[in-house]
Amino acid sequence: MSIAQNVAAIRARMERAAREAGREPSDILLCAATKMNDAARVREAVQAGVDCCGENRVQELTEKLPQGAYEGVPVHFIGHLQTNKVNKVVGAVDLIQSVDRLELLAAVNKAALKKGVCQKILFEINIGNEPQKGGFTPDEARVLAGQMGAYPGVLLCGLMAIPPISEKKGDNCKYFAKMRNLFVDIAAEKYDNVSMVCLSMGMTDDFEDAIAQGATMIRVGTAIFGARQYQI
Ligand SMILES: *Cc1c(COP(=O)(O)O)cnc(C)c1O
């Protein structure tokens, strides 16, 4: 199967999941998770009609950007971001989906103000409350959303989550539902510097469940590009 055929198959699945949930397929964006795929393969995905690309590593982002890998669609940062690499990402990507701690929020804000840009961000939520994972708790996110006026260099555009690895299909529905509730609650507050438009959740194995629970963006790697070849 080519990348184009894979993207078409995912679109068909997205459309079915949206209709089953009584939603408009156009309300759900497809983000290609491009890690470990070179610029040529990323370009193929863009040409096949993905809505945006998400990179995990700063080095891959800075390599593929000048190669024109993402031309035609916005690029997002979706991986763990070290504060000492914030300068390479702020202003270079449309959206940082993985703001997962206060220190990073402060660093992104500072870099954006220095560069004279407004950096769109999502809060990453540790929705499964997993000790080994980063991310805000729902309560932390609620409080911090109310303080976004103090971070004029950024605009909070929504929430992102990677739920626990599931044993069987449907296991993550409860986490996706919690995410939707948090998203709706924060949106209802109409806080300064907050525009809740993006609920980013669902990957290759569970994106239909995420759509059923209200995702407005899914991030898909394997189903577009095939299994990643990790080198040891
Ligand atoms: C790799 C990755 C994805 C996509 O995962 P697949 O299971 O390959 O679809 C989504 N989100 C993030 C943050 C990722 O790192």
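This tour goes from the ligand to a loop residue and then to one helix.

The model is predicted: local features need pLDDT of at least 70, side-chain atom pairs count only at pLDDT 80 or more, and totals for chains, interfaces and linings use all residues. Residues are numbered from 1 along each chain as its sequence is written, and side-chain values use heavy atoms, with hydrogens and water left out.

**Stop 1: the ligand.** Now show polar contacts (pairs of N or O atoms within 3.5 Å). The side chain of K35 puts an N or O atom 2.7 Å from a ligand oxygen. G221 uses a backbone N or O atom, 2.8 Å from an oxygen of the ligand. R228 brings a polar side-chain atom to 2.9 Å from a ligand oxygen. Taken alone, the ligand exposes 390 Å², and the protein buries 90% of that (Shrake-Rupley method, 1.4 Å probe).

**Stop 2: D100.** Select D100, in the loop between strand 4 (95-99) and helix 5. Helices (H or I, at least four residues) and strands (E, at least two) are DSSP runs, numbered from the N terminus. Is D100 buried or exposed? D100 is buried, at 9% relative accessible area. Buried means under 20%, exposed over 50% (1.4 Å probe, protein chains only). Beyond neighbours within four places in sequence, D100 contacts H80, E124, G134, G135 and F136 (heavy atoms within 4.5 Å).

**Stop 3: helix 6.** Select residues 138-145; A141, L144 and A145 are the buried ones. Down the axis, these buried residues fall within an arc of 100°, so they line one face of helix 6. The arc is taken from the directions from helix axis to C-beta atoms. The face turned away from the buried side carries exposed D139 and V143. Finish by showing what the buried residues of helix 6 pack against, including helix 5 (102-115), strand 6 (154-161) and helix 7 (173-189).

Technical notes:
Polar contact = N/O pair within 3.5 Å; in protein donor to acceptor, adjacent residues only side chain to side chain.
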